[in-house]
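Take a look at the chain below.

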Amino acid sequence: MSMVQGLPKVFVAGHRGLAGGGIARALERSGRWQVLVRSRQELDLRDEPAVRAFFAAERPDVVVLAAAKVGGIHANSTQPVDFLLENLRIQNSVIASAHAAGVNRLLFLGSSCIYPKFAPQPIKEESLLDGHLEPTNDAYAIAKIAGIKLCQAYRRQYGARYIAAMPTNLYGPGDNYHLQDSHVLPALIRKIHTAKMLGHSSVLVWGSGTPRREFLHCDDLAEACLVLLDCYDSEEIINVGSGTDLTIRELAETIRRVLGYEGELAWDTSKPDGTPRKLMDSSRIEALGWKPRISLEEGIADAYRWFVEHHPAAHDPSVP
Ligand code: GDP
């Protein structure tokens, strides 16, 4: 008989992603959960009949919904149909199927981009739906807001203990390093690594360098999710951020230092900046006893190690 029998069974949807991967590892490490996962080949989360059958057969006690179509500013602004439709399909099928199978506890992961473009900083949970969204990622944001509302609706209509957490910009091992579609932190690790390897004298960074962003290592998010599963049960959304932001220029300089690249940074101001600032107020989760442990420099070094050891683009710059 397996050691894990008797422990509560948690289904982590999206375990191959940055957030879900960190969460699945942390749940395993805690020794308190039986962790259930399915690859995309085994279960297409957009396929509601398949997801219903999976839930009916496996009957998890808890669901962590970390599966989503995600991407950086370019991917979001050029594929709004995919970001809206795929995310609505995934979250509708997983949340409805979980409820139909009697799952009474679910953690939905949103994003800091659900907040209005000009929300007061640091952004409190109350800013949700208090202003216009940032247009470069409004399709993704609308899908995530619908997911939040669906969790709140299951709580209101059926008393389901569904909660929603809003992580800030995540990074870490297993990130997406696509040249066009990735987020800024992995994109700059890759570009600066390539410039160093090929002896280029400068690296072209998108935008003006002035937007401010907050970054959180996926393992810090994972610890936050364990805390939330243990002790958070409210219809109010809850932010998960590092509490510190920096400009894109400062981020690029930090990555340059960690990677030991001596060339220059050049700025491509034909590329969009996106929202000017996106720092969250995470005092609600800090009051539950969680705080981030991984500094940005340590985290970048960790992500960079993974990139060099596991990503083909580290040795072959022609990989997309
Ligand atoms: P956002 O937080 O939703 O805006 O998503 P991103 O992580 O894609 O972009 C954050 C900021 O970094 C934006 O101002 C981008 O213009 C800037 N940036 C600079 N260089 C890059 C790059 O190579 N890739 C990406 N994705 N963003 C970059």
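## Buried and exposed

A residue is called buried when its relative accessible area is under 20%, exposed when that area is over 50%, and partly exposed in between. Keep these cut-offs in mind. Keep in mind too that this is a predicted model.

## The cysteines

How many disulfides does the count give? The count comes to zero. Cysteine 151 is in no disulfide, and the nearest cysteine sulfur, in cysteine 225, is 13 Å away. Cysteine 151 has a relative accessible area of 1%, so it is buried.

A disulfide needs two cysteine sulfur atoms within 2.5 Å.

## The ligand and its shell

Now turn to the ligand.

In isoleucine 73, a polar backbone atom is 2.8 Å from an oxygen atom of the ligand. In lysine 191, the side chain takes part: one of its N or O atoms is 2.6 Å from a ligand oxygen. In aspartate 273, a backbone N or O atom lies 2.6 Å from an oxygen atom of the ligand. How much of the ligand does the protein bury? Taken alone, the ligand exposes 530 Å², and the protein buries 98% of that.

Strand β3 spans residues 62–65, and both of its faces are covered. Val62 and Val64 are buried on one side. Val63 and Leu65 are buried on the other.

Strand β3 pairs with β1 and with β4. Strand β1 (residues 9–13) runs parallel to β3, and four bridges join them. Phenylalanine 11 has valine 63 of β3 as its bridge partner. Strand β4 (residues 105–109) also runs parallel to β3, again with four bridges. Here valine 62 stands opposite arginine 105 of β4.

## Backbone geometry in the loops

Look next at the loop between β4 and α5 (138–158), where proline 122 is found. The peptide bond from glutamine 121 to proline 122 is cis, with omega near -15 degrees. Leucine 129 lies in the loop between β4 and α5 as well. Its phi is positive, about 65 degrees, although leucine 129 is not a glycine. Is leucine 129 buried or exposed? Its relative accessible area is 55%, so leucine 129 is exposed.

Arginine 59 is found in the loop between α2 (48–58) and β3. This residue is not a glycine, yet it has a positive phi of about 45 degrees. With a relative accessible area of 48%, arginine 59 is partly exposed.

How values were computed: Residues are numbered from 1 along each chain as its sequence is written. This is a predicted model: local features need pLDDT of at least 70, side-chain atom pairs count only at pLDDT 80 or more; totals for chains, interfaces and linings use all residues. Side-chain values use heavy atoms; hydrogens and water are left out. Buried means under 20% relative accessible area, exposed over 50%, partly exposed in between (1.4 Å probe, protein chains only). A polar contact is a pair of N or O atoms within 3.5 Å; within protein, one must be able to donate a hydrogen and the other to accept it, and residues adjacent in sequence count only if both atoms are side-chain atoms. Accessible areas come from the Shrake-Rupley method with a 1.4 Å probe; for residues, only the protein chains shown count as cover. Helices (H or I, at least four residues) and strands (E, at least two) are DSSP runs, numbered from the N terminus. Two strands pair if DSSP finds at least two bridges between them.
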